[in-house]
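I hope they are handy as you look around.

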Amino acid sequence: MTPGPVGPTLVALYVPGDRPERFAKAFAAGADQVIVDLEDAVAPEHKERARQAVAELLEGPLPVRVAVRPNGAGTPWHDADLAMLARATARPALRLPKVEGPSDVDRVLERLGARPGETLELTCLLESALGVEQAYAVASHADVSAVALGEADLRAELGITADAGLDWLRVRSVVAARAAGLPAPAMAVYPRLDDDAGLHASCRHGATLGLRGRAAIHPRQVPVIRDAFTPTPAEVADARLVLDALTGSAGAARLPDGRMVDEAMAAEARSVLLLVGP
């Protein structure tokens, strides 16, 4: 397998795998990807029901970009989840929980089995201290498309009680991803559904750390996240100003406001414009 391309995904939306009546609403919510969850959002007594619902979903064409998060290795449901995914007609993206090293990826890919000419979009969730320590090794795996943090598990394991305590971990995930040539990681979910202002502010803060995009747990969060990570008109105008100034230059240029810009600023400007399209 080779990793599938991961475009500028600003919003991924989780939907519980045992609630198939919610699938259509999730698909219509405007997210860039819908993550059908077999793990944390599904109670133990509903795991079999969720697996069957996801199997039925994967029998036909998928209406939007879909990822599946199976249960993690060491749980009673992990093997059955992977067996279902290996048999599925449609191959969704995979959001692999609790990855702690490249060998975890190898074991999953072996169970899934390669299909001729297949590319697989595989995001690895780093949810433990060991997973964070292995971030670059995981991100460098030839079949990994992206990495992201599982912040709830990290909070519990590390005893972090304030959001600021996560910032070092977030930056470390950004460095590991970019060093491995992967896109910037997306942020973990924001659990407070009735706090749009807090969600927006948290996303804007994440963007200053180099994170791009976020997973949502309710459709109402989708537009808030998209707005927070979409460059403002002023940011877009400035990015175009930088690129125009450097067109045909010898490597550096001076803007009308006195700023000196070079190729490093051009790369940043192109990343801004990528998020708004042509």
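1. Let me begin with L62, which counts as partly exposed because its relative accessibility is 26% (buried means under 20% relative accessible area, exposed over 50%, and partly exposed in between, with a 1.4 Å probe and protein chains only). L62 sits in the loop between helix 2 and strand 4 (66-69); helices (H or I, at least four residues) and strands (E, at least two) are DSSP runs numbered from the N terminus. Leaving out residues up to four places away in sequence, L62 touches L57, A90 and P92, where contact means heavy atoms within 4.5 Å.

2. A word on provenance. This is a predicted model, in which local features need pLDDT of at least 70 and side-chain atom pairs count only at pLDDT 80 or more, while totals for chains, interfaces and linings use all residues. Residues are numbered from 1 along each chain as its sequence is written, and side-chain values use heavy atoms, with hydrogens and water left out.

3. The axes of helix 2 (residues 47-57) and helix 3 (residues 78-87) come within 10 Å and cross at roughly 10°; axes here are lines fitted to C-alpha atoms, for helices over the stretch in contact, and angles run from 0 to 180 degrees between N-to-C directions. Helix 2 and helix 3 are therefore roughly parallel (angles under 35 degrees count as roughly parallel, over 145 as roughly antiparallel, 65 to 115 as roughly perpendicular and the rest as oblique). On the helix 2 side the contact uses R51, V54 and A55, and on the helix 3 side A80, D81 and M84. By class, that contact has 4 nonpolar, no polar and 2 charged residues; Ala, Val, Leu, Ile, Met, Phe, Trp, Tyr, Cys and Pro count as nonpolar, Asp, Glu, Lys and Arg as charged, and the others, Gly among them, as polar.

4. R49 also belongs to helix 2. Its relative accessible area is 48%, so R49 is partly exposed. The C-alpha atoms of R49 and R19 are separated by 9.0 Å, although the two residues are 30 apart along the chain.

5. Helix 3 has another partner. The axes of helix 3 and helix 4 (residues 102-112) come within 8 Å and cross at roughly 50°, which means that helix 3 is oblique to helix 4. From helix 3, H78, D79, L82, A83, L85 and A86 meet V108, R111 and L112 of helix 4. Sorted by class, this contact has 6 nonpolar, 1 polar and 2 charged residues.

6. Do have a look at the backbone of K98: phi is positive there, about 55°, although K98 is not a glycine. K98 is located in the loop between strand 5 (93-96) and helix 4. With 37% relative accessibility, K98 counts as partly exposed.

7. Which residues have the most contacts inside the largest nonpolar core? They are V36, L85, L122, C124 and V147, in a core of 60 residues. A nonpolar core is a set of buried Ala, Val, Leu, Ile, Met, Phe, Trp, Tyr and Cys residues joined through side-chain atoms within 4.5 Å. Helix 10 (residues 221-229) supplies the largest share of this core, 5 residues. Setting aside neighbours within four places in sequence, C124 is in contact with L96, V99, V105, V138, V144, A146, V147 and A148.

8. A second, separate core has 11 residues, including V242, L246, V261 and L273. For the helix packing, see helix 11 (residues 233-246) and helix 12 (residues 263-274), whose axes are 9 Å apart at an angle of about 135°; that makes helix 11 oblique to helix 12. The contact divides into 10 nonpolar, no polar and 4 charged residues.

9. Finally, A186 lies in the loop between helix 8 (167-179) and helix 9 (196-208). A186 is partly exposed, with a relative accessible area of 24%. Not counting residues up to four places away in sequence, A186 touches A148, L211, R212, G213 and R214.
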